[in-house]
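Here is a short tour of the model shown below. Have a look at the fold before reading on.

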Amino acid sequence: MRDHAYVPYSNFKVGAALRGAQGGLHVGCNVENVAYPQGTCAEAGAIAAMCAAGETRITEVFVIADSPAPVPPCGGCRQKLREFAGPDVLVTMATIDGKTLTMTMEALLPGAFTAAHMERV
Ligand code: THU
């Protein structure tokens with residue numbers, strides 16, 4: 001998936017894969033834009049692919065980049081992932097030379113804002 005990244009500005013290719021609760025595997029890569037803030041992360045692309053495939057629950061996340069150490073999802077992507085992934089979902093970050101780091105969604109985004117915070121009792 002990294003090979004499909006469109007990264008003329010950073011030259012930093014990222015690939016993401018999500019396992020859906022119905023068993024699907026959904027992938028995405030980062031897609032940059034000359035108007036820099038309009039670029040999208042690999043995780044966001046994978047989420048869009050998952051929704052397009054009709055899935056809305058994530059059971060596992062994998063992110064890979066050519067980096068000295070495993071690259072964690074950016075803050076915005078942590079929130080985007082948390083929309084579809086519970087606190088116990090494992091997020092594995094990997095480098096292309098085989099280093100990995102696995103953390104839970106809750107460890108990456110402690111105390112996340114969720115729909116439950118908008119419920120009135
Ligand atoms: N990027 C991702 O796609 N996912 C991450 O988890 C970290 C950063 C992308 C955004 C941008 O295209 C490039 O990496 C450099 O920030």
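## The sheet

Strands here are DSSP runs of E with at least two residues, numbered from the N terminus, and two strands pair if DSSP finds at least two bridges between them. This is a predicted model, where local features need pLDDT of at least 70, side-chain atom pairs count only at pLDDT 80 or more, and totals for chains, interfaces and linings use all residues. Residues are numbered from 1 along each chain as its sequence is written, and side-chain values use heavy atoms, with hydrogens and water left out.

With that in hand, you will find an open sheet of 5 strands in the order 2-1-3-4-5, with mixed pairing. Strand 2 (25-29) and strand 5 (100-104) are at the edges; each has a single partner strand, so one side of each is left without a neighbour in the sheet.

Strand 1 (residues 14-20) pairs with strand 2 in the antiparallel sense over 5 bridges. Within this pairing, Leu18 has His26 of strand 2 as its bridge partner.

## The salt bridge

The structure holds 1 salt bridge (a side-chain nitrogen of Lys or Arg within 4 Å of a carboxyl oxygen of Asp or Glu). Asp97 and Lys99 form it, with their closest N and O atoms 3.6 Å apart.

How accessible are the two partners? Asp97 counts as exposed at 56% relative accessibility, while Lys99 is partly exposed at 40% (buried is under 20% relative accessible area, exposed over 50%, partly exposed in between, using a 1.4 Å probe and protein chains only).

Note on methods
Helices (H or I, at least four residues) and strands (E, at least two) are DSSP runs, numbered from the N terminus.
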